[in-house]
Amino acid sequence: MTDQPTRVLLVEDDVSLRDTLVEVLADEGHEVRSAPDGAIALQELRGWDVDVIVLDIMTPVMDAFEFRRHQLAEGVAPDARILILSAGRELQRAAERIGADAWLSKPFRLLDVIETVERLADDSAA
Amino acid sequence: MPNDDLPLLRGEVAFRLLVEAVVDYAIFLIGPDGRVLTWNLGAERAKGYAADEIIGQHFSRFYTPEEQEAGRPQFVLARAAEYGRFEDEGWRVRKDGTRFWADVVITALREDPDSPPYAYVKITRDLTERREAEQQQRALIGEQRARAAAEEALVARDRFLAIASHELRTPVATLQLATETMLRSHRRGRLDADRLDTGFRRILSATERLGALIAELLDVSRLASGGPSLHRQPTDIVALTREVADRFSDRDEAARMRLVAPDEAWLDVDAPRLDQVVTNLLDNALKYSPSESPIEIRVTDADAGVELRIADRGIGLDAATRDRLFEAFGRGANAEHYQGLGLGLFISHRIVEEHGGRIEAAQRSDGHGAVFTVTLPRQGART
């Protein structure tokens, strides 16, 4: 994982938060793409293999649960690690249902996002 | 012909024995003067008198003093005489003075249809237990309803807190992340003018979002507590609508909006509140429809008042959604994953109502999108 950048797909409907997260992760040297909802994220994944998917649970059009069902059924990016970001309650249960590898509750610390994405990327490479 | 009379006599005896043995009904005869002629086991049980105590007494003693005073016993006999039969329900008095709830049927007996009654059959049933059971049942249902309403209020409050905290957390997350990012860039010596500008814009937009959410929550509490009344002033609804639409130009969305309106349309309204209504409706139209799809705004001026119609080509409204749309958190099932508190239409509805007007939601006639119509009456023009 030293010469190849980590590929991160970020799914978040809030524009400000999405742009900020893209900037943060790109600053860390990752290759980042983003989508406002699950449906657009799926389109993105069909042509691009990723290491980590950062998912907001409640997105319009297609939420994280439905996205995950489609992603697994289609077999796109099957080895990608999943990080859930959510402002909702019962985050852990939702994350487990989605089959996430990690989850962070909004608001979260910058370092927590960066470190979690990098840890998941390392896991994915190992 | 004693051989023929014997079976009849036997039948009469058997019938009397049968009636006397009935315990669940008080069955007895009253003479035309109102005196008790016969008595059965059921009557003894219901009213507490033994046969020898009551036979020959006037039947009015079964009634409450108030009903005796009002001439009720005479009235029911007169009714039975007139119609052949009379049914009644009410309080009756036992020997020991206690009362019971009775169902009573009095039937007049006559030799032939034209002669006056020679006696009356009175059948009385004690319904006290049934009445008590019914009352308990009613009380129970009332209690269950109250409990269900209280539970519903708790669920609504829970939902409110969940939605409010969910919505507040996202801009707070942006604030935190944007600030931390700027700080980090600064420490690395990479906080250039571009990054400063972007960072501050994000912080500003998250702060504005928080401010708007808090204002919305305060609005709901203002409406819930009755709040201050409207400050009406002559307002050009066309200018107000145009101003609100222009405000969306920041979001590069103004190009989607087409305003069809006369030059002006004046009405006495509370302008800031009406501004809120138009803002909510346009915000919804933008939020729930694909970007670049047109949004039509039409203002119509009439003698009776002004009509404002906003039509989009978005996700639309199903019938179930339409019914709950103007309730607090009543957003459509198809809107659940969109940002927002679900209070905008609730607030708008209340503001329009305060103006004596109406707000209505409909599916577009071609099925693609929603149409919201606000009708504001001219003061004094209301019929």
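Guide: Two strands pair if DSSP finds at least two bridges between them; helices (H or I, at least four residues) and strands (E, at least two) are DSSP runs, numbered from the N terminus. Keep in mind that this is a predicted model: local features need pLDDT of at least 70, side-chain atom pairs count only at pLDDT 80 or more, and totals for chains, interfaces and linings use all residues. Residues are numbered from 1 along each chain as its sequence is written, chains are lettered from A and ligands numbered from 1 in the order in which they are written, and side-chain values use heavy atoms, with hydrogens and water left out.

Visitor: OK, chain B then. Which residue of S8(B) is the bridge partner of B:Val260?

Guide: Start with the strands: S6(B) and S8(B), residues 295-301, pair in the parallel sense over four bridges. Within S8(B), the partner of B:Val260 is B:Arg298.

Visitor: What is the strand order of the open sheet of five strands in chain B?

Guide: Its edge strands are S6 (257-260) and S10 (358-363) of chain B, each pairing on one side only. Neighbouring strands are turned by 15° against each other on average, direction ignored. With mixed pairing, the order is S6-S8-S9-S11-S10.

Visitor: Which helix lies across S6, S8 and S9 of chain B?

Guide: S9 covers residues 305-311, and the helix runs at about 165° to S8(B) (axes are lines fitted to C-alpha atoms, for helices over the stretch in contact, with angles from 0 to 180 degrees between N-to-C directions). The helix spans residues 237-247 of chain B, and its name is H8.

Visitor: Over at the S10(B) and S11(B) hairpin, which residue takes a positive phi?

Guide: Six bridges join S10(B) to S11(B), residues 370-377, and the two run antiparallel. B:Ala362 has B:Val371 as its bridge partner in S11(B). Six residues sit between the strands, and the one with phi near 85° is B:Gly367.

Visitor: Which residue in S3(B) stands opposite B:Trp91?

Guide: S2(B) and S3(B), residues 99-109, run antiparallel and are joined by nine bridges. Opposite B:Trp91 is B:Trp101.

Visitor: Let's do the interface. How much area is buried between chain A and chain B?

Guide: In contact terms (heavy atoms within 4.5 Å), 27 residues of chain A meet 25 residues of chain B. Buried area is the accessible area (1.4 Å probe) lost on putting the two parts together, summed over both. Carbon and sulfur atoms give 51% of a total of about 2500 Å².

Visitor: How many salt bridges are there between chain A and chain B?

Guide: The rule wants a side-chain nitrogen of Lys or Arg within 4 Å of a carboxyl oxygen of Asp or Glu. B:Arg195 and A:Glu23 qualify, their closest N and O atoms being 3.4 Å apart. Between the two chains the count is seven.

Visitor: Which element gives the largest share of the side of chain A that touches chain B?

Guide: Helices H1 (15-27) and H5 (110-125) of chain A each supply at least two residues of that side. The largest share is eight residues, and it comes from H1(A).

Visitor: Lastly, which residue does A:Lys106 join through a cis peptide bond?

Guide: A:Lys106 also forms a salt bridge with A:Glu12, the closest N and O atoms being 2.9 Å apart. That pair links distant parts of the chain, 94 residues apart: A:Lys106 is in the loop between S5 (102-105) and H5, A:Glu12 in the loop between S1 (7-11) and H1. The cis bond has omega of about -5°, and the partner is A:Pro107.
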